[in-house]
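The entries follow in the order in which I looked.

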Amino acid sequence: MKSTTKREMYGISELSQIIPLKAELEYLRTRAESSVNDISEMLYFKELIEFRYEQYTSLVSFIDSVPDSEMRVVLRMRFIEGLTHQQISFRIGRFDESYARRMIKNFLTKSDKNTLDSTHLS
């Protein structure tokens, strides 16, 4: 799944929104279903759901686009499944509790630097 388009870059603050966005989508879906008697409210929730879903899928797509499989798994475990750095480190067979934290920090720092470098070269 190699993409020729420029990949959007996200940081920890954006990636940390995946789990809350998923919860918000479920809440909005429930509210939309309960507002079947009010068309304007139902349309409002429909538009809001579409907007939040685009945000959610963009963030998940970013993680899915990471070429390194170990990094992709670490990002998924942290930002989609909500595991702690320690849980992730142990699950991937690294018994240094901070391994996952350093991995994520290095990846995002390197990706951010690469994005800046390619922006300045253009």
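Entry 1. I began with Glu24, which is partly exposed at a relative accessible area of 26%, and I kept in mind that I am reading a predicted model. Its salt-bridge partner is Arg52, and I found the closest N and O atoms of the pair 3.1 Å apart. Since Glu24 belongs to helix α2 and Arg52 to helix α3, the bridge ties together parts that are 28 residues apart in sequence. I then looked up the arginine on its own: Arg52 has 19% relative accessibility, and because buried means under 20%, Arg52 counts as buried.

Entry 2. I went on to Glu41 and Arg31, a salt bridge whose closest N and O atoms are 4.0 Å apart. Here too helices α3 and α2 are involved, with Glu41 in α3 and Arg31 in α2, so this pair ties together parts that are 10 residues apart in sequence. I noted Glu41 as partly exposed, at 28% relative accessibility, and Arg31 as partly exposed as well, with a relative accessible area of 29%.

Entry 3. Glu50 is partly exposed with a relative accessible area of 39%, and Lys46 counts as partly exposed at 46%.

Entry 4. I also found Glu26, Arg29 and Glu33 linked in a network of salt bridges, and I wrote down 8 as the count of salt bridges.

Entry 5. Which residues touch the most other members of the largest nonpolar core? Among its 25 residues, I listed Leu15, Ile18, Ile63, Met71 and Leu75. I saw that α2 (18-34), α3 (39-64), α4 (69-80) and α6 (99-121) each supply at least two residues of this core. For Leu15 I looked up the contacts, leaving out residues up to four places away in sequence, and found Tyr10, Leu59, Phe62, Ile63, Phe79 and Leu108.

Entry 6. Last, I turned to Thr84, which sits in the loop between α4 and α5 (85-91) and is partly exposed, with a relative accessible area of 36%. I compared its position with that of Arg101: the two are 17 residues apart in sequence, and their C-alpha atoms are 9.0 Å apart in space.

How values were computed. Residues are numbered from 1 along each chain as its sequence is written. This is a predicted model: local features need pLDDT of at least 70, side-chain atom pairs count only at pLDDT 80 or more; totals for chains, interfaces and linings use all residues. Side-chain values use heavy atoms; hydrogens and water are left out. A nonpolar core is a set of buried Ala, Val, Leu, Ile, Met, Phe, Trp, Tyr and Cys residues joined through side-chain atoms within 4.5 Å. Buried means under 20% relative accessible area, exposed over 50%, partly exposed in between (1.4 Å probe, protein chains only). Helices (H or I, at least four residues) and strands (E, at least two) are DSSP runs, numbered from the N terminus. Contact means heavy atoms within 4.5 Å. A salt bridge is a side-chain nitrogen of Lys or Arg within 4 Å of a carboxyl oxygen of Asp or Glu.
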